[in-house]
Amino acid sequence: MPVLFRFLVFSAATLLFAAVLFYPAWLGVSGFADIDPHKVLLRFAKLLAAIGLVFFLKRMGLWERGLLGFGVPRRRFFAGLGAGWVTGILIMAALLGLLGLLDVRTFQPEKLTPSLFAGVVPKAIVAGLAVGLIEETFFRGALFGGIRRQTGLWQAALVSALFYAALHFLRTQPLPAGTPIDWTTGLHLLTGAFDKFASPGIWDSFAALTAAGVLLALLRAWHGSIAVAMGVHAGWVTTIKIAKDITDPVAEAPLGFLIGTYDHIIGWLAAAWLLALIVIAARPAQAREAAHAGQYGAGSQAASTRPRS
């Protein structure tokens, strides 16, 4: 898949460029913000990716409203965004309810304070919308749309979902106290950012994130834009951020294996729940794809008619 390969190269080049330029970036940031050095690298990489993404997509021939998932009327887009946001909250609330019934997470009513509604909730809503906009434009817009031009719906959904899940486990580790910051620090942090992939404890959360990515891709195919997927994603992030404040994982719970260590919410139970939703979304997504085969631009017509194995 040439599109996937080029996205991988773009992502790798961005990370390497951020590591090489980490030292001057750190000097600039540390002058006015108190932030741990290990947090700067990936945030700097995200900034570089955002700056370079438009140029990259234009060079790839992917800078098209329809392919990126914005090719519907504005009113319809925002209606889908709102409906998706509510749906995302309901999906995640159902998961949290199941975790509560199974005594995996417990609700802490005393944490329902005015500061929660004045501070945590608004920040969670804004964060959810920001994450939904950025990640859905990249993953279910450019990446899924580009791959979908070259292959079938399920292949594009799965490949983009695996890429989406993998990037969630790219984590830089804190530096030991007193470590000097110099031109080699960024490369040192980058080499340690992949350590999570050696841990067997990530795979329950990895499975859940992959299922989430596939579901979001099907929602994009079903509704003909990324609006609903963006709203669902935003609703998930909003609910999880609030849930972390008002619920706690139960230590040594018999069914504790149902949640992973990524955020102590998603895990095997989330993967099963999302898989059930994938089954529901599959038929309408496939039906719309068959009726709108050329929505991803050149080549998508042929890909849509390719026999399924």
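Modeller: Helix axes are lines fitted to C-alpha atoms over the stretch in contact, and angles run from 0 to 180 degrees between N-to-C directions. Helices are DSSP runs of H or I with at least four residues, strands are E runs of at least two, and both are numbered from the N terminus. This is a predicted model, where local features need pLDDT of at least 70 and side-chain atom pairs pLDDT 80 or more, while totals use all residues. Residues count from 1 along each chain, and side-chain values use heavy atoms, without hydrogens or water.

Take H9 and H11. Helix H9 covers residues 203-223, and helix H11 covers residues 268-291. Their axes come within 8 Å and cross at roughly 20°. That makes H9 roughly parallel to H11 (under 35 degrees; over 145 is roughly antiparallel, 65 to 115 roughly perpendicular, the rest oblique).

Now the contacts (heavy atoms within 4.5 Å). On the H9 side, the residues that meet H11 include Trp 203, Asp 204, Ala 207, Ala 208, Ala 211 and Ala 212. Val 214, Leu 215, Leu 218, Ala 221, Trp 222 and His 223 of H9 also take part. H11 answers with residues that include Trp 268, Ala 270, Ala 271, Leu 274, Leu 277 and Ile 278. Ala 281, Ala 282, Pro 284, Ala 285, Arg 288 and Glu 289 of H11 join in as well.

Stay on H9 for a moment. Thr 210 sits in this helix. Its relative accessibility is 10%, so Thr 210 counts as buried (under 20%; exposed is over 50%, partly exposed in between, with a 1.4 Å probe and protein chains only). What does Thr 210 touch, leaving out residues up to four places away in sequence? Its partners are Leu 158, Ala 161, Leu 162 and Ala 165.

Move on to H10, residues 227-246. Ala 227 lies in this helix. It is buried because its relative accessibility is 1%. Ala 227 and Leu 81 are 146 residues apart along the chain, yet their C-alpha atoms are separated by 4.7 Å. Ala 227 touches Leu 81, along with Phe 77 and Gly 80, again leaving out residues up to four places away in sequence.

Neither is a glycine, but each has a positive phi. For Glu 252 phi is near 55°; for His 264 it is near 60°. Are they buried or exposed? Glu 252 is exposed, with a relative accessible area of 81%. His 264 is partly exposed, at 36%.

Last, the start of the chain. Helix H1 (residues 2-20) packs with helix H6 (residues 114-150) at an angle of about 145°, and their axes are 8 Å apart. From H1, the contact takes in Pro 2, Val 3, Leu 4 and Phe 7. From H6, it takes in Phe 138, Ala 142, Leu 143, Gly 146, Ile 147 and Gln 150.
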